[in-house]
Amino acid sequence: MPQVFAAPRMESKLAEHNQYQAKTFDEKSDFFASEKATPASVEPKLRRIACSCRLETPGTTLLDVGTGTGALLPFFQEAGVDLAQVVGVDLSAGMLGFAKERFPETTFVQEDVLQFQGGRFDRVVFNACFGNLFDPVAVLRHVARDLLSDGGLVVISHPLGRPWLRTLQQSDPRMVLHDLPGKEQLKTMLAEVPELELESLEDDADFYCLVLRRR
């Protein structure tokens, strides 16, 4: 009998988690839309993340998961992507409201990426949001099988690094559920999502960028 109710219970927990995420970022959307959210010291790191996406090829399509107010979009554009080829997905209507005003040429969708079905993309980016996912492995599996083109890249990044994220997790474990994968965790994760393979990993004290490729 417990197995019968396992899936509904999990769906209920996922819905509760998504509601909390949406509410939290709705309340903080004014801050994230301000210059304070992206200080000058962080801009080189965002540029570095965008460069890791390898966007030089014309026509490259990109899914920006947890796009927020669109903080990475100017750097994607600088790296070579056409913003009309970008789709941003986020749970927060408040964050997306600012993004739509700033980048009218980009498509934005308010949805959990786990339910998102928007075709296939050459790049799927998780910047400063992977630790917030309810089930990161399930999301990666969905991305690899349903959203990523053959040979496409998944970029998982955080401009402030894992130690900073762990501090945030301690202060609000409901918002940040998981650490970013280190080398050992990455082996386990890729064993569960065999469609993906490691391209590169930068795991510094104040910067994190993982690039995976679809086989």
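A residue is called buried when its relative accessible area is under 20%, exposed when it is over 50%, and partly exposed in between, computed with a 1.4 Å probe on protein chains only. The model is predicted, so local features need pLDDT of at least 70 and side-chain atom pairs count only at pLDDT 80 or more, whereas totals for chains, interfaces and linings use all residues. Residues are numbered from 1 along each chain as its sequence is written, and side-chain values use heavy atoms, with hydrogens and water left out.

**First stop: the cysteines**

Select C129. With a relative accessible area of 11%, C129 is buried. Its sulfur lies 12 Å from the closest cysteine sulfur, that of C53, which is too far for a bond. Next select C209, which is buried at a relative accessible area of 0%. Here too the closest cysteine sulfur belongs to C53, at 6.9 Å, and this is too far for a bond. A search of the whole structure finds zero disulfides, a disulfide being a pair of cysteine sulfur atoms within 2.5 Å.

**Second stop: the sheet**

Display the strands. Helices (H or I, at least four residues) and strands (E, at least two) are DSSP runs, numbered from the N terminus. Two strands count as paired if DSSP finds at least two bridges between them. Seven strands make up an open sheet with mixed pairing, in the order β3-β2-β1-β4-β5-β7-β6. At its edges stand β3 (107–110) and β6 (196–204); each has a single partner strand, so one side of each is left without a neighbour in the sheet. From one strand to the next, the twist averages 15 degrees. For such angles, axes are lines fitted to C-alpha atoms, for helices over the stretch in contact, and the angles run from 0 to 180 degrees between N-to-C directions.

Now select β5 and β7. These strands run antiparallel and are joined by six bridges. One place to look is S157, whose bridge partner in β7 is C209. Helix α5 (residues 93–102) packs on the sheet, where it touches β2 (86–90) and β3, and its direction makes about 170 degrees with that of β3.

β6 and β7 pair in the antiparallel sense over eight bridges, and they form a hairpin with two residues between them. D204 stands opposite F207 in β7. Seven of the eight residues of β7 are buried, so β7 is largely enclosed by the rest of the structure.

Select residues 136–147, which form helix α6. Nine of its twelve residues are buried, so the helix is largely enclosed by the rest of the structure. The buried residues of α6 include P136, V139, H142 and L147. To see what covers them, show β1 (62–65), β4 (121–127), β5, α8, β6 and β7, which are among the covering elements.

Select N18, which lies in helix α1. At 14% relative accessibility, N18 counts as buried. Leaving aside its neighbours within four places in sequence, N18 is in contact with L91 and D112, contact meaning heavy atoms within 4.5 Å.

Side chains of opposite charge can pair when their charged atoms come close. A salt bridge is a side-chain nitrogen of Lys or Arg within 4 Å of a carboxyl oxygen of Asp or Glu, and a search of the whole structure finds 15 of them.

Stay in helix α1 and select K23 and E27. Their side chains meet in a salt bridge of 2.7 Å, N to O. The two residues are four apart in helix α1 (residues 2–27) and thus separated by about one helical turn. Both E27 and K23 are exposed.

Move to helix α8 (residues 183–192), where E184 and K187 are three residues apart, about one turn of the helix. The salt bridge between these side chains has an N to O distance of 3.5 Å, and both residues are exposed.

Are the two partners buried or exposed? D150 counts as exposed at 64% relative accessibility, whereas R214 is buried at 14%.

To finish, select R162, R166, D179 and D203, which are linked in a network of salt bridges.
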